[in-house]
Amino acid sequence: MQLILPMLVQGAQMALVVLLAPLLTGLVRKLKARLTRRRGAPVTQPWRDILKLLQKEAVVADSASWLYRAAPYLIFAATWVAAALVPTFATHLQFSWTADLIAIVALLGSARFFLALAGMDVGTAFGGLGASREMMFATLAEPAMLLITFALALIAGSTQLSTIAAVMAGPAVGLRVSLGMALVALIIVALAENGRIPVDNPATHLELTMVHEAMVLEYSGRHLAMIELAASLKLLLYLSLIACVFVPWGLAAPGQGLAAHLAGLLAYLGKIAVGAVALALFETAIAKMRVFRVPDFLGIALMLGLLGTLLLFVSARL
Amino acid sequence: MLEAATLLAGALIALGPIALLFGGRAQTALYALTALLAAGLAGLALAALATAATARLTLPIGLPWLGAHLRLDPLSAFFALLLGLGGCAASLSAIGYFRHSPEPRRTLPFLPAFLGAMLAVILADDAFSFLMSWEIMSLLSWALVLADHRAEAARRAGFVYLTMAAFGTLALLLAFGLLAGPQGAYTFDAIRATPRGPLSVALVLALMLLGAGSKAGLAPLHVWLPMAHPAAPSPVSALMSGVMTKVALYAFLRVVFDLLGPTPWWTAAALIPLGAGTAVLGILLATVETDIKRLLACSTIENIGVIFAALGLALAFRADAMPAAAALALSAALFHAFNHMAMKSLLFLGAGATVGATGTRALDRLGGLIHRMPVTAALMLVGALAIAALPPLNGFASEWLVFQAVLLSPALPQASLQLLVPAAGGLLALAAALAAAAFVRLYGVAFLGRPRSPEAAAAREADRPTLVAMSLLAALCIAAGLLPGLFLDTLAPVARQLLQARLPAQAAQPWLTLTPVAAARSTYNGLLFALFIALSAGLAAVAVHRLASRALRRAPAWDCGFPQDLPNSQYGAGSFAQPLRRVLGTTLLSARETVAMPPPGDLSPARHTVQASDPAWAALYAPLAGAVEAASRKANRFQFLTIRRYLSLVFALLVLLLLGLALWS
């Protein structure tokens with residue numbers, strides 16, 4: 001029981017995130033459609049798209065190399081492993097000690113590295129354009145993410161997500177200015193990393209301002225399905241991360257029974273739904289930025305992260 | 001074991017003149033012998049590290065009253081290991097690289113002797129033999145930089161390098177003069193025993209930053225590095241970037257951590273921002289660089305910055321009596337030095353293969369090499385992933401340790417350090433992210449896409465010895481990434497020697513998980529990471545191919561319906577860097593873009609030019625050169641005086657000196 005339960009939780013989480021990720025994307029799309037008074041496709045549409053794409057023949061450009069064909073699987077695998085290590089409904093994952101928050105974020109960096117390389121592999125202008133802009137955004141988002149991690153580590157005394165969640169759920173933390181700053185910074189980073197609206201438009205095609213879609217422009221069939229699935233997983237991962245750090249209530253702790261796990265699952269689904277609504281509202285209310293405004297936007301995250309960290313040095317209670 | 005190491009150093013140095021006798025005929029055998037000696041050195045150093053013993057030896061050469069003192073302790077053994085591994089790979093690759101060289105004697109005698117001189121620096125245990133070997137190392141590497149002396153750029157690089165090397169040695173000379181004190185205690189044992197005031201500590205630290213820092217490439221003394229490292233033949237570039245910068249690091253460690261005794265906390269406050277700033281500046285230069293070898297040299301500056309920042313942290317923790325944290329920071333720095341040796345040598349050898357296959361160093365004339373040089377491309381991918389600090393490879397493991405050390409800084413009592421270290425951590429994260437951008441750019445432009453020139457389209461796979469050398473280094477990168485704990489345990493004696501503390505034994509952790517402080521605080525397991533990724537990627541691929549579709553059709557690229565045949569329609573090195581150049585380079589590198597658009601009706605082409613320059617040139621070197629020139633112009637007048645005036649000048653000076661003497665006594 002000591003060994004089997006964390007293993008079960010780990011397996012359940014891996015299955016859960018893959019099943020849930022496209023549904024989350026579908027839910028956000030549906031909500032956005034309703035907010036603009038359209039009917040919108042059903043919530044299961046992303047899953048149907050993926051299954052359809054999987055059945056189709058993959059068309060690969062003549063100039064593409066083996067890297068282009070291997071990258072979708074590597075990107076999916078790296079994102080999946082990262083998503084499997086962020087506590088969703090229970091903290092005692094079997095392999096949560098494999099990586100701390102820094103390593104999880106860096107693993108997403110590996111996925112991005114391969115995605116950018118895959119974008120450049122065919123040798124078209126769009127691929128390079130997407131890759132170059134994606135790397136610029138990442139350059140500014142990563143230091144912000146590290147400073148957020150720093151602020152969290154100062155409060156929790158750890159970069160291990162399960163420990164952070166446990167400390168945050170405890171009574172010692174309470175409301176703090178620095179945590180608020182870290183939350184805002186993390187939301188900005190999450191928006192940029194997932195290519196959501198003020199930074200990039202996930203619904204766009206054939207537009208000069210696109211970033212993520214430009215990189216994956218040449219992909220088709222099963223390769224595109226893998227990349228779409230990975231993109232959905234990444235959105236779910238960031239929502240789970242925010243939920244696990246800033247609203248850690250309801251997470252099942254080690255030693256608790258099946259009921260606690262079910263309650264944790266329900267709480268998690270509720271948190272993700274709230275996150276989806278907030279994201280849809282935000283994206284409907286705001287316009288996309290010009291590419292060279294994005295550094296200013298990410299600069300806010302950077303400054304908030306730094307301020308949050310420095311506030312904690314001034315006073316451990318702020 | 002010290003005797004054997006000394007013999008190796010002597011043999012390597014002696015190989016130089018021997019090679020001169022044989023000329024180009026026995027080239028392969030001589031390089032193979034060098035590689036063998038270097039491999040022997042690596043084995044020897046590993047054994048010395050394992051026993052963690054200190055051996056001493058005095059040879060009757062050098063100054064008659066001093067002799068040459070030699071010593072092999074864990075610190076020198078660790079750097080001898082780096083030298084052995086890097087030297088072995090570079091010499092192996094040299095077998096293939098110089099096979100068709102028209103002038104084998106331009107490099108053959110210098111390369112083994114260069115290795116021997118570096119080993120002598122590491123083994124030296126007195127100031128005289130240290131400085132002597134240091135100078136020989138500098139001169140030999142200068143000769144190697146000038147291997148292609150007919151190229152104007154190489155001659156210029158050689159001149160700048162020689163100037164900087166002379167300046168660095170001068171600083172080291174002064175530093176050792178201060179360390180030796182008025183009694184002239186030249187052996188390191190005597191220097192260690194001398195007590196020192198804070199002013200002397202500050203001066204020695206500043207001089208070491210100038211002397212060792214200029215050789216390592218610490219900003220603002222880094223300007224020679226992107227000129228000289230690429231000018232040399234690629235195996236030598238690999239040695240200079242991968243190994244010689246580490247020898248400079250050794251000099252800094254030996255003096256500041258070992259000879260100088262306890263250092264106050266503000267030494268860290270000087271070192272940490274310097275290191276973090278160097279890291280960002282170096283990698284920013286790399287992101288706008290369009291020459292493949294210069295790009296790699298700029299990235300060396302970044303890594304040296306990371307190492308120096310970690311050393312600064314170690315100094316801070318040591319000054320505040322936190323030995324465990326200091327051991328973590330020092331181990332992170334040493335581990336990063338090891339990783340950088342492996343990945344930078346790998347990348348330089350790969351760049352050499354690329355340049356050899358295409359005849360150009362310009363990124364904008366490469367492209368699509370993954371099709372024509374598949375093995376080189378695969379090995380370079382390992383190097384690029386490693387140096388971009390991405391898991392599960394080794395660059396990430398050491399950077400992760402640096403960040404763990406940064407996260408321990410709240411326990412430091414000084415408020416200024418508490419504010420400084422998180423900001424420096426942010427800068428290091430920025431440097432790591434920029435490194436990912438720089439190496440996506442290098443790999444994407446050079447190896448992916450379509451060829452941008454006929455030479456790139458006709459490229460051939462690299463020679464076999466280079467591929468073997470690269471595979472060895474890539475294996476080292478992967479092993480250090482998957483099993484960082486074993487490597488950290490190997491260098492534990494160094495931390496114990498310098499700080500009397502070490503990291504918790506990593507081999508005892510379950511699943512070899514990297515646990516720098518405590519399991520509840522932070523853990524990372526590269527092995528399981530890699531295993532999980534490989535498993536899930538394999539699972540996904542098999543499942544998709546079995547259950548869904550495996551049909552594949554090759555077709556021309558879609559490119560949004562408007563495919564362009566011209567290879568220049570791809571993103572190139574300049575266009576890929578444009579967003580970052582505009583966001584960060586405008587202020588830091590004073591990057592400017594100008595578009596010269598002819599008026600309507602004029603058929604001349606429009607021109608787009610980009611300018612970006614290293615701020616150190618404009619801020620420091622240009623005024624310095626101007627001042628030197630103005631002073632020499634003034635002094636020039638004294639060359640054309642009449643004999644009367646010379647005599648009166650001499651007389652005036654004599655009177656002045658006598659007057660001074662009279663007043664002083």
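Trainee: To which strand of chain B is β4(B) joined by bridges, and in which sense do the two run?

Mentor: This is a predicted model, in which local features need pLDDT of at least 70, side-chain atom pairs count only at pLDDT 80 or more, and totals for chains, interfaces and linings use all residues. Residues are numbered from 1 along each chain as its sequence is written, while chains are lettered from A and ligands numbered from 1 in the order in which they are written.

Strand β4(B) is joined by five bridges to strand β5 (residues 607–611) of chain B, and the two run antiparallel. Strands here are DSSP runs of E of at least two residues, helices are runs of H or I of at least four, and both are numbered from the N terminus; two strands pair if DSSP finds at least two bridges between them. Within this pairing, Ala596(B) stands opposite Arg607(B) of β5(B). A residue is buried if 20 or more other C-beta atoms, placed from the backbone, lie within 10 Å of its own, exposed if 12 or fewer, and partly exposed in between.

As to the wider setting, an automatic or database domain assignment divides chain B into domain 1 (262–540 + 571–595) and domain 2 (615–664).

Another strand of chain B, β3(B), pairs with chain A: strand β1 (residues 58–61) of chain A and β3(B) run parallel over four bridges. There, Arg554(B) is the bridge partner of Val60(A).

The contact between the chains takes 71 residues from chain B and 73 residues from chain A, two residues being in contact if their C-beta atoms, placed from the backbone, lie within 7 Å. On the side of chain B that touches chain A, the elements that each supply at least two residues include α16 (394–406), α22 (526–547) and β3 (552–555). Helix α17(B) gives the most to that side, with 16 residues.

Chain A, for its part, has eleven helices and one strand. Its radius of gyration is 19 Å, close to the 20 Å that the globule rule gives for 318 residues, so chain A is as compact as a globular protein of that length; the radius is taken over C-alpha atoms, and the rule is 2.2 Å times the number of residues to the power 0.38. Of the 318 residues of chain A, 60% count as buried.
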